[in-house]
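Subject: Structure handover

Hello,

Here is the structure for you to look at. Please open it first, then read my notes below.

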Amino acid sequence: MAIVVTGSLTQGVLMMHLRKFWLILGLLLLALSGVAHAADDDDGFRAPTPPRLSFIDGEVSYSRQGLDEWVRARLNLPLAEGDALYAGAGDNFEVQFGIRSFARAAENTQLSLVGLEEHYIHFKQSNGLASYDIRSMEVGDTLEVSTPYAAFIIEHPGYFRVEVGSRETHFITYHGGRASLTTADGRSMSIYPSEEIVITHGDPARVATYAAPDPDAWDRWNDARSDHLGESVSARYLPSDVYGAEDLDHHGFWRVVPDYGPVWIPHGVPPGWVPYSTGSWVWDPYYEWTWIDDAPWGWAPFHYGRWVYIGSYWAWAPGPVVRRSVYCPALVAFLAHDHDVSVHIGIGLPGLWWVALSWGEPILPWWGHHKHRWHPRWDGWGGPRIVNNVVVKEINIINVGDIHFRNASVPRSILTTSADRFGRERFHATVEARYRHDDFVPMRDEFPVKPSRESLLGGAPKGERPSRAISTQPVVSTRPPRERTLPRKVDTGGVQPQEKTAPRLGVPQLGSQGKPEFRYVKPPPRREEGKPDLPRPPFGEEVGPERRPPPAPPRFEEMAKTRKPASSGITPPQAAPSGGVRVPSVDAKPRSRSLPSPGVSPPMAAPRSETKVQPIGPAPKQQSLPGKPANETFGGRG
């Protein structure tokens with residue numbers, strides 16, 4: 001802006017123009033300040049990626065904070081703070097909480113997610129056997145494991161085994177793992193690699209250190225599974241922080257097409273299958289309505305990227321590889337019938353409609369801060385930003401009501417269900433055939449369906465409940481969990497959640513039964529280079545001779561003489577682990593239909609009988625896959 005002052009202007013007029021100038025300059029600075037604050041809020045909008053239930057052997061149950069119900073857990077369940085998982089006799093499960101970081105719990109073990117923040121994750125293990133296999137860890141990341149008599153702080157990658165018994169707690173480090181512990185009476189100690197810490201329960205507890213024993217069958221199975229998951233072909237096409245790349249290897253094909261680059265096409269889906277048609281909507285305490293697909297590969301394609309329709313195939317396009325991806329609860333556009341937009345959405349309508357987002361299209365978020373809701377964003381996407389087939393930039397003004405989603409014009413792609421079923425049960429969505437696609441506009445008002453108690457659990461059937469002694473076992477923690485109550489939007493069926501106050505260190509937090517859930521202690525200081533470690537636990541009394549050192553690694557010539565033909569998968573050890581823990585087989589036929597076998601490539605299993613899939617439409621004509629095989633054209637990630 002320029003102000004030109006001529007010689008004929010009087011002093012009063014000059015002062016008036018100067019006042020206008022400073023007013024406009026002040027408004028401009030205020031606007032720029034508002035943009036900066038909006039950017040800060042934008043960063044805060046992106047919460048940490050939730051851990052996912054990535055493996056189930058048998059039937060595993062889970063419960064959500066605020067409810068006293070246990071239901072069957074489903075594969076690819078996103079975990080929220082306060083969620084608890086339990087594996088009964090002969091069952092076990094795996095939780096992925098990092099790029100190559102896994103928590104695996106054996107039978108008769110309960111594992112709870114206490115806290116989830118940027119660079120910090122907190123598990124509660126009140127009993128049983130669990131392993132925490134961390135292959136990579138960024139500087140500043142912290143994993144805390146709370147047990148009844150000590151809290152363990154892990155800040156370095158490695159393999160950590162935690163076994164909580166009735167009299168003793170064992171903590172073992174392998175593969176260079178380092179950690180620290182803090183007992184219930186406030187003592188902090190360092191744990192070195194290849195050590196076993198034995199905590200004898202009592203008041204106070206007695207702590208001793210030993211040389212780590214040889215790994216047993218449980219440890220060897222954990223190693224084999226983590227090694228196998230790290231060798232994924234699909235990972236070359238995805239951002240490094242996207243979970244579930246290994247699931248895509250066994251259930252689809254990668255192709256390279258001119259308009260979209262590498263795309264993934266699932267095989268074994270029913271005829272007429274449409275994305276976001278088989279699964280359920282679950283209410284997440286933070287992300288609100290979240291999609292859980294029935295497919296065993298249903299994590300990455302439904303929380304990242306976009307879906308495109310090529311010929312007669314639905315293909316998932318992850319888009320360009322970015323340094324940091326953003327998780328979304330679902331990548332769909334919720335639609336409203338244009339005729340009823342003037343009326344409050346949801347009143348008198350038969351149900352809800354949604355359609356999968358296509359290449360480069362924005363999402364209109366229904367979660368998060370109120371000022372972000374229903375405003376276009378490109379979360380889960382790192383490619384060009386497209387609205388109505390036009391590339392948009394930051395300066396473009398977008399009218400939400402004028403957005404036309406490309407996939408809506410694909411025949412039989414708009415899905416619907418009745419409002420009384422949405423979020424309350426698993427279902428097979430039906431295709432909207434009563435209206436034309438141009439009769440719909442994007443939903444941009446308050447979501448028409450309110451969550452209920454059933455929505456918190458996704459309408460899952462009842463599962464095995466752990467004993468009350470396990471659920472109410474108090475544990476030691478260095479950080480109080482963030483207190484959360486059920487949101488006001490949730491219909492609790494007349495049950496009002498109890499108001500809680502923020503706990504203080506040294507003050508036990510009482511649970512629903514009047515027993516303390518956590519005993520808070522002061523956390524140990526972070527270890528920095530050049531500073532001495534914490535005191536070490538005393539050496540325990542060894543029984544018998546010292547454990548023999550491991551054999552030296554074999555030479556290549558020795559390996560070549562004994563090399564056997566490569567098998568299609570991993571054969572776990574046959575020896576039974578100590579303590580009677582059953583070790584699952586990596587290549588064995590899964591006991592649960594939701595368990596994928598990493599060593600084979602079966603077609604997608606049919607859903608359970610209660611959610612029997614009916615074909616949405618006629619099977620597409622058999623055609624050759626579009627584009628060229630990705631392994632013939634891929635030139636590297638650059």
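Which side chain does the side chain of His 175 join in a polar contact? The partner is Asp 223, at 3.1 Å. A polar contact is a pair of N or O atoms within 3.5 Å; within protein, one must be able to donate a hydrogen and the other to accept it, and residues adjacent in sequence count only if both atoms are side-chain atoms.

Some ground rules. This is a predicted model, where local features need pLDDT of at least 70, side-chain atom pairs count only at pLDDT 80 or more, and totals for chains, interfaces and linings use all residues. Residues are numbered from 1 along each chain as its sequence is written, and side-chain values use heavy atoms, with hydrogens and water left out.

The overall picture

The protein chain has eight helices and 35 strands. These are DSSP runs numbered from the N terminus: helices are H or I with at least four residues, strands are E with at least two. Of the 638 residues, 50% are buried. Buried means under 20% relative accessible area, exposed over 50%, and partly exposed in between (1.4 Å probe, protein chains only).

His 175 sits in the loop between β13 (168–174) and β14 (179–183). His 175 counts as exposed because its relative accessibility is 52%. Not counting residues up to four places away in sequence, His 175 touches Pro 157, Gly 158, Tyr 159 and Asp 223. Touching, or contact, means heavy atoms within 4.5 Å.

Asp 223 is one of the buried residues of α2. This helix covers residues 217–229 and reaches 18 Å from its first C-alpha to its last. That is close to the 18 Å expected, which is 1.5 Å times one less than the number of residues. 10 of its 13 residues are buried, so α2 is largely enclosed by the rest of the structure. Asp 216 caps the N-terminal end: a side-chain oxygen lies 3.1 Å from the backbone nitrogen of Trp 218.

Glu 144 is in strand β10 (residues 142–146). Glu 144 is buried, yet has no salt bridge. A salt bridge needs a side-chain nitrogen of Lys or Arg within 4 Å of a carboxyl oxygen of Asp or Glu. For charge, Lys and Arg count as positive and Asp and Glu as negative; His and the chain ends are not counted. The nearest side chain of opposite charge to Glu 144 is Arg 479, 5.5 Å away. What Glu 144 does have is side-chain polar contacts with Tyr 120 (3.0 Å) and Thr 478 (2.7 Å).

Glu 361 lies in the loop between β25 (351–356) and β26 (386–387). Glu 361 is buried and has no salt bridge; Arg 306, the nearest side chain of opposite charge, is 6.4 Å away. A polar atom of the Glu 361 side chain lies 2.9 Å from the backbone nitrogen of Ser 358. For the backbone nitrogen of Arg 406, the distance to a polar atom of that side chain is 2.7 Å.

The nonpolar cores

A nonpolar core is a set of buried Ala, Val, Leu, Ile, Met, Phe, Trp, Tyr and Cys residues joined through side-chain atoms within 4.5 Å. The largest has 122 residues. Among the members that touch the most others are Phe 123, Trp 281 and Trp 354. Apart from it lies another core of nine residues, including Tyr 159 and Ile 172.

Best wishes
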